[in-house]
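Visitor: I am new to this structure. Please take me through a single part of it, slowly enough that I can follow along.

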There are 6 protein chains.
Amino acid sequence: MTQKYYEDFDIGFNFKTLSITVTETHVVNWAGLTMDFYPLHMDSEYCAKTVFKERIAHGPLIFGMAVGMVGLAKVEGSSIIAWMGVDKMRMLAPVKFGDTITVHVEVVERKETSKPSQGLQTWRYTIKNQRDEAVMVLDMKFLMHRKVANA
Amino acid sequence: MTQKYYEDFDIGFNFKTLSITVTETHVVNWAGLTMDFYPLHMDSEYCAKTVFKERIAHGPLIFGMAVGMVGLAKVEGSSIIAWMGVDKMRMLAPVKFGDTITVHVEVVERKETSKPSQGLQTWRYTIKNQRDEAVMVLDMKFLMHRKVANA
Amino acid sequence: MTQKYYEDFDIGFNFKTLSITVTETHVVNWAGLTMDFYPLHMDSEYCAKTVFKERIAHGPLIFGMAVGMVGLAKVEGSSIIAWMGVDKMRMLAPVKFGDTITVHVEVVERKETSKPSQGLQTWRYTIKNQRDEAVMVLDMKFLMHRKVANA
Amino acid sequence: MTQKYYEDFDIGFNFKTLSITVTETHVVNWAGLTMDFYPLHMDSEYCAKTVFKERIAHGPLIFGMAVGMVGLAKVEGSSIIAWMGVDKMRMLAPVKFGDTITVHVEVVERKETSKPSQGLQTWRYTIKNQRDEAVMVLDMKFLMHRKVANA
Amino acid sequence: MTQKYYEDFDIGFNFKTLSITVTETHVVNWAGLTMDFYPLHMDSEYCAKTVFKERIAHGPLIFGMAVGMVGLAKVEGSSIIAWMGVDKMRMLAPVKFGDTITVHVEVVERKETSKPSQGLQTWRYTIKNQRDEAVMVLDMKFLMHRKVANA
Amino acid sequence: MTQKYYEDFDIGFNFKTLSITVTETHVVNWAGLTMDFYPLHMDSEYCAKTVFKERIAHGPLIFGMAVGMVGLAKVEGSSIIAWMGVDKMRMLAPVKFGDTITVHVEVVERKETSKPSQGLQTWRYTIKNQRDEAVMVLDMKFLMHRKVANA
């Protein structure tokens, strides 16, 4: 991976990822892997009586895919020391089977730490569907290498 | 599912889930489903040179499994109207292949909304390994039915 | 799991499980895992010429799912010492992709053994589709803890 | 498939299948597909305290694999009209990760029906491990084409 | 497996395999296992603007399935010492979700080696869809046991 | 993807991909997806008696993974019009469970076509293990956009 640093990502820096169509296969495989068989994802008879009318994708599946899709973009290079966590993950709209999602990433916060070699950044992931509607938003927190200390 | 309400879960209410051993299979299947092939999970040569010495599980996999494991416990009954999101997800320690995780859940916050039929609760999930070490912590936010309005 | 005993389940005791929609994904994954590529499940051209007109789910998949679905209900608590086997498994009607199945369980037989701490029970699983038609029936045999000997 | 008939399989006719090593991957994938996360298969800490000491394969997985393995042998040709069901499935010994199973098949019963074109046969599947120990036995019931009526 | 030899397969010898319907599940599982998320297979919005209009199967998936399908036919018996490789693999037409493929195999080349116990054969695999259109062609190279040296 | 052209890749141009550890999970999932249960990959008892001593990965799995790994590197940008096929795929050494593979890519041939907008290139993929031994080699054929015609 290209060497990149904290300093390479200003607040406001942004990009978007490739797009992936979310399928019944993703949802059934997800359910099995994470043990989440909630009827909204797995029981089409139940869903027919809800406001959604049909099975929808698990929210955490959309999060998991978003993390992978941003990784495939390889924009962060080898800047990241560690993934610190996630804040403010919110589900905004359902993802139906056949919807195609894209992750829009923007750097929204950066902060030097007491160690001159490290900085913290918050990257906001906004996941949108094929109608450009936001379906999920979340803030990823990364600990990054600083260039100055590595120069 | 048993009918349960916001009022059934006081702050401090807690329980733990079944336990699951995290395996190489979980990690390889996760990588494929979420498109996350970061070397810390997929390249044992790379890992041998890190502080971890060996491949470790993806953090979001631990989150995904925790959501499923809490669902299997069925403690929430049909109290939940909607999953609102997640706050303060933090990875605290690596999960290695063969580690066995359990989710410890505690209600840490509850708040009535302007609608008498709805309330918000925060359930803290602390995921621990077989040595009782916390490996991940996160706050799940649920919108719940209130009993009073449904009586 | 809650401690339960042989004595907690009288003949006639019954319950039903959650419901799951059987999908093309279940069938393709099943075929790969169990090595069963019989054309009735995997070749839509072949199926078009049969009485079924379309691919149908493997019978043993319905059995496998039924075992899991009854386990998710957790009604048996920790009463079970061992799964002894299955009798009289019969396929009654085809399960098509998109059908939603539910397991109806009834205790149909119980018998004390020569050991005062153990008893045998037969639980009949009737798997029904969304039109309430029975698609499979089978008798599960369990060896259970008896309460009297554990008091 | 070769055309074969009821008359081609006498009582006592027997063969064995290819052999397959049962792995952690089979068990984790099975659990997800059939929703069976019983600790004897998924929780190595729990298993360490049992007589088995380690995780073991699900019994129904061994059944599912046996059905597929017999199908791969293609001995039955196109003799079968329908799979009628299973009788007397019994788990005889645990299958551990890394054990290699083979199915030994023997025709144990055959019976003409009132229709001259159809007959019923019972094929006993004895599944053995690499130490030639029987781990499961079961009786498969098939409805078959009779040659006389098709001549 | 039946003992077979180089001498059992003349140039012109041919057979066809069972048929399998290629599904969305095959494609999503393939993408995850081989890390190939090219939009022609995974992004239905992108595909709608291409000449194909919809997602199509990965070419290497068709190759992988063809190898398996020929193996299931078990025509080669135990004649093969080693798989030497592949030549002239060409994608001729797209495979869409729901298409059903069959492999037509023909021995197109055989050559004795300096070792009297070994011979080389080229088996041409032509993969056709349900409209009898060739979608892929490739030449498999096998090293085989010769009968003369084993007599 | 970045716009790239035939002209951007001279003969001799080369790069290598990320590395992936090939696991039992890859092999079991591959077998199921492609229906290839040859004992060299699935039967550890059989393998113990071969020169390999243990189960090895399917050759086509290594090919499939190589295609995906080169795609993840995204070096080709949007230069490719179509994947034409593969030549001279040869298995050179076994890949065992736990081996880590990397694809080394080199442009070995390029040729203009009669259409000024298109050119053909051959990219040689040499797949190496963690001991820098070549395990597979193959020639990928691509049809590419030419810059001159698109200027």
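Guide: A residue is buried if 20 or more other C-beta atoms lie within 10 Å of its own. Keep that cut-off in mind for the helix we start with. One caution comes before it: this is a predicted model.

α4(C) is mostly covered, with twelve of its 15 residues buried. The buried residues include C:Gly59, C:Pro60, C:Leu61, C:Ile62, C:Phe63 and C:Gly64. Also buried in α4(C) are C:Met65, C:Ala66, C:Val67, C:Gly68, C:Met69 and C:Val70. From first C-alpha to last, α4(C) reaches 22 Å. That is close to the 21 Å expected at 1.5 Å a residue. After α4(C) comes C:Lys74, and its phi is positive, near 55°.

Walk through the chain C part, pair by pair. Strand β1(C), residues 14-21, pairs with β3(C), residues 100-112, in the antiparallel sense over six bridges. In that pair, C:Ser19 stands opposite C:Thr102. Next, ten bridges join β3(C) to β4(C), residues 118-128, and these two run antiparallel. Here C:Glu112 stands opposite C:Gly119. The two strands β3(C) and β4(C) form a hairpin, with five residues between them. Then β4(C) pairs with β5(C), residues 134-145, over eleven bridges, again in the antiparallel sense. C:Lys128 stands opposite C:Ala134 in β5(C).

Cross to the chain D part. Leaving aside its neighbours within four places in sequence, D:Ile62 is in contact with D:Ala57, D:Val95, D:Ile101, D:Ile127, D:Val135 and D:Met136.

Which residues have the most contacts inside the largest nonpolar core? They are A:Ile62, B:Ile62, C:Ile62, D:Ile62, E:Ile62 and F:Ile62. That core has 228 residues. As a general point, nonpolar side chains tend to be buried together in soluble globular proteins.

Turn to chains A and B. Their contact takes 27 residues from chain A and 27 residues from chain B. On the side of chain A that touches chain B, the elements that give two or more residues are α1 (24-34), α4 (59-73) and β2 (80-91). Of these, α4(A) gives the most, with ten residues. The residues on that side of chain A divide into 15 nonpolar, eight polar and four charged. Strands pair here too: β2(A) and β2(B) are antiparallel over four bridges. A:Arg90 stands opposite B:Gly85 in β2(B).

Stay in chain B for its hairpins. Ten bridges join β3(B) to β4(B), which run antiparallel. B:His104 stands opposite B:Thr126 in β4(B). The hairpin from β3(B) to β4(B) goes through five residues. Next, β4(B) and β5(B) pair in the antiparallel sense over eleven bridges. The bridge partner of B:Lys128 is B:Ala134 in β5(B). These two strands, β4(B) and β5(B), also form a hairpin with five residues between them. In its turn, B:Asp132 has a positive phi of about 65°.

Finish at a loop. E:Phe97 sits in the loop between β2 and β3 of chain E. It counts as partly exposed, because it has 17 C-beta neighbours inside 10 Å. Leaving aside neighbours within four places in sequence, E:Phe97 is in contact with E:Val22, E:Thr23, E:Glu24, E:Val27 and E:Arg55.

Conventions: Residues numbered from 1 in each chain as written. Chains lettered and ligands numbered in written order. Predicted model: local features only at pLDDT ≥ 70, side-chain atom pairs only at ≥ 80, totals over all residues. Contact = placed C-beta atoms within 7 Å. Nonpolar A, V, L, I, M, F, W, Y, C, P; charged D, E, K, R; others polar. Pairing = 2+ DSSP bridges. Expected span 1.5 Å × (residues − 1). Core = buried A, V, L, I, M, F, W, Y, C linked by C-beta atoms within 7 Å.
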